[in-house]
There are 2 protein chains.
Amino acid sequence: MPVADQIKASIAGSSWIRKMFEEGIELKKTLGADKVFDFTIGNPDVAPPEKYYSIAGSVATDRSKNVHGYMPNAGYENVREVMAKKASSDHACDVGANNVVMTVGAAGGLNVLFRALLNPDEEIVVPKPYFAEYGAYASNHKARLVPVESKTDFSIDIDAIDRAITDKTRIVLINSPHNPTGRVYSAESLEKLASLLKRHKEEGRHIYLVADEPYREIVYDGIVVPPVLSLYSESFVVTSFSKTLSLPGERIGYIAQNPGMDDCGLVMNALILCNRILGFVNAPAFIQRVVGELADEKVDVSIYDKRRKLFVNGLKEAGLEFAKPEGAFYLFVKSPFENDVDFVNHLKKYGVLVVPGSGFGGPGYVRMAYCIDEKIIEAALPIIKKAVSEIE
Amino acid sequence: MPVADQIKASIAGSSWIRKMFEEGIELKKTLGADKVFDFTIGNPDVAPPEKYYSIAGSVATDRSKNVHGYMPNAGYENVREVMAKKASSDHACDVGANNVVMTVGAAGGLNVLFRALLNPDEEIVVPKPYFAEYGAYASNHKARLVPVESKTDFSIDIDAIDRAITDKTRIVLINSPHNPTGRVYSAESLEKLASLLKRHKEEGRHIYLVADEPYREIVYDGIVVPPVLSLYSESFVVTSFSKTLSLPGERIGYIAQNPGMDDCGLVMNALILCNRILGFVNAPAFIQRVVGELADEKVDVSIYDKRRKLFVNGLKEAGLEFAKPEGAFYLFVKSPFENDVDFVNHLKKYGVLVVPGSGFGGPGYVRMAYCIDEKIIEAALPIIKKAVSEIE
């Protein structure tokens with residue numbers, strides 16, 4: 001076998017996504033690029049905040065000694081200080097610089113956490129639907145993802161989580177604002193979740209709560225994402241600046257640890273070790289220094305909001321069902337076909353590309369990303385309406 | 001257990017290095033910072049090439065759309081094209097852009113390779129001594145490092161490698177110029193190694209040759225590091241710009257694959273998948289674009305060479321034994337004590353900090369890094385001489 005068995009299986013398993021991507025390219029050739037409407041990718045197109053450019057220019061040309069050198073594996077002390085303040089304010093919790101590790105995005109952060117915390121065969125409970133990569137991150141560390149049903153409005157089903165917890169459960173992983181549904185978990189539901197985990201802790205099951213929240217700042221209608229760290233001592237936040245500052249390709253984020261957790265110092269040493277040995281070594285020096293100056297900035301969320309409204313109205317007119325997103329930049333739309341892949345294929349005939357919910361543990365739905373130009377959305381909506389009306 | 005068992009063991013196992021580091025800080029307090037000579041760290045202090053600054057400044061402030069966005073997980077096509085040319089020229093082999101993955105340094109590249117290629121319990125054969133992190137990289141993927149003896153001059157012992165190969169061997173990992181010894185493997189020894197692996201392939205054992213070579217450009221006395229890819233089809237090069245351009249904190253490197261290997265496309269898909277799922281997603285966009293313009297540049301190696309000569313002469317005068325380094329920026333010095341940690345502790349009493357060879361699978365030696373200011377070396381040499389003369 002030329003590659004690892006698990007990896008060969010993953011390549012085979014993901015090949016239909018690749019196929020769809022390649023079909024999209026073919027589609028552009030046959031229909032013309034302006035007749036193809038690609039809502040598959042969550043790659044933000046909004047520019048970084050204006051302040052980014054002056055900071056980046058001066059950091060990039062800084063001639064001070066060792067500015068491109070190795071630093072502590074956890075990141076620059078002053079940058080961690082800034083992130084600690086941010087996490088403290090977001091999470092109503094007194095996070096210090098010593099509770100923060102700068103990471104290669106949230107994806108890097110989650111791998112660091114999983115490597116540090118999980119023995120082989122241990123379990124991560126996650127509400128469905130969920131970000132498709134979680135399963136791969138778990139299997140990197142020979143751990144197992146245990147997806148559980150959510151309520152029909154995609155809020156957390158506490159009883160379902162309770163039923164899924166076993167003696168092998170080490171992590172409950174939540175993502176709010178949520179990809180792919182746009183749901184923001186309520187303070188009440190998070191409190192219930194925290195109570196549940198406290199009860200399990202009393203019963204001898206030590207389970208970490210991990211909040212993956214790269215979309216915390218991408219919210220609408222005045223919604224505020226409730227704090228997580230303040231609710232339960234054994235908790236982490238993992239986040240990135242990919243969406244808040246539109247810098248996904250630069251790979252920068254952080255893990256913040258609840259300072260009140262058991263064996264806090266040992267856990268932090270484990271995170272720092274894993275950041276190093278997984279080959280990240282440290283988050284990239286340049287972008288660490290840049291985001292250290294931009295912690296209070298964010299992209300113009302009103303751009304996403306305008307598209308969201310456009311999409312919501314257009315899809316309603318088309319007769320489609322979906323929960324109005326409260327955050328992030330995705331719509332999770334009920335498939336008029338029983339099989340979501342049939343809907344994906346139907347839309348494709350009209351030049352509209354979307355991702356099947358099956359890939360997110362949410363069959364019967366499709367995901368549409370609205371981080372693309374409003375003109376494309378405007379042009380696509382009548383076509384989507386036509387496509388839906390022509391379902392036999 | 002608050003953290004994974006393997007990670008807890010690793011933290012405990014590496015705690016004496018941390019202890020030494022902390023003792024170094026204490027030492028600076030008691031002896032004064034100017035009386036402590038720290039040769040422990042391989043963190044290059046030489047400035048990047050002048051061209052870096054203009055390129056970095058213009059890339060950082062580029063306002064083109066999507067320059068900070070996600071790109072293909074393998075990296076920018078044009079940057080891969082540049083690296084393919086470089087690998088082709090270094091390795092006398094026709095590497096194409098499709099055979100290259102941009103990675104988060106060589107450490108990231110090795111983890112991607114190990115994740116992609118290794119099933120649990122499979123083996124990586126590596127000549128001793130070896131870069132201390134290799135063992136951790138192997139254990140990330142539940143694989144096993146199998147260190148084998150080298151010849152006394154630290155050249156490859158082909159017979160020792162042959163004896164270590166089993167049906168579980170998937171990779172032979174070499175590092176030249178070598179950390180910690182400074183050895184550059186000869187063309188002849190590499191040819192013998194390639195012949196050995198070809199014979200095993202004929203016998204049904206498919207073993208990859210992985211050349212980890214971040215120090216390829218840091219060589220002295222006109223030495224040229226021989227090509228590897230041209231010798232054996234089932235081969236990879238992993239490298240970084242950490243040393244060549246003095247950018248270790250920026251985390252940029254690449255994997256180049258021999259285009260003639262079996263299942264070439266499948267293996268490349270596996271590498272790209274693993275770059276994504278290990279959480280790197282892609283090498284940082286900014287520094288990818290920068291190094292794409294700097295592939296023919298390198299730091300001023302004469303600075304390292306001057307220090308090397310200074311060190312070599314001074315240590316000879318002190319009566320110490322070592323192989324004169326041909327590349328990289330380390331000296332691997334025979335300990336006058338049987339136990340290298342005793343020598344480390346003896347030198348520490350004089351304010352001289354070095355790393356024990358035991359940490360590199362090379363007990364009986366200590367490693368001294370000369371990527372620090374020449375004045376510190378000049379000041380330290382008489383003290384090292386005194387320390388050696390006062391060994392009882």
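Which residue stands opposite Ala369(B) in β12(B)? Tyr330(B) does, and I shall begin with the strands around that position. The model is a predicted one, in which local features need pLDDT of at least 70 and side-chain atom pairs count only at pLDDT 80 or more, while totals for chains, interfaces and linings use all residues. Residues are numbered from 1 along each chain as its sequence is written, and chains are lettered from A and ligands numbered from 1 in the order in which they are written.

Strands here are DSSP runs of E of at least two residues, and helices are runs of H or I of at least four, numbered from the N terminus. Strands pair if DSSP finds at least two bridges between them. Strand β9 of chain B, residues 330-334, pairs with β12(B) in the antiparallel sense over five bridges. Strand β11 of chain B, residues 355-356, also runs antiparallel to β12(B), joined by two bridges; there, Pro356(B) has Val366(B) as its bridge partner.

A residue is buried if 20 or more other C-beta atoms, placed from the backbone, lie within 10 Å of its own. Five of the five residues of β12(B), 365-369, are buried, so the strand is largely enclosed by the rest of the structure. One side carries Tyr365(B), Arg367(B) and Ala369(B), the other Val366(B) and Met368(B), and both faces are covered.

I turn now to the interface. Taking contact as C-beta atoms, placed from the backbone, within 7 Å, 63 residues of chain A are in contact with 63 residues of chain B. On the side of chain A that touches chain B, α5(A) gives the largest share, eight residues.

Notes:
Buried ≥ 20, exposed ≤ 12 C-beta atoms within 10 Å, placed from the backbone. Contact = placed C-beta atoms within 7 Å.
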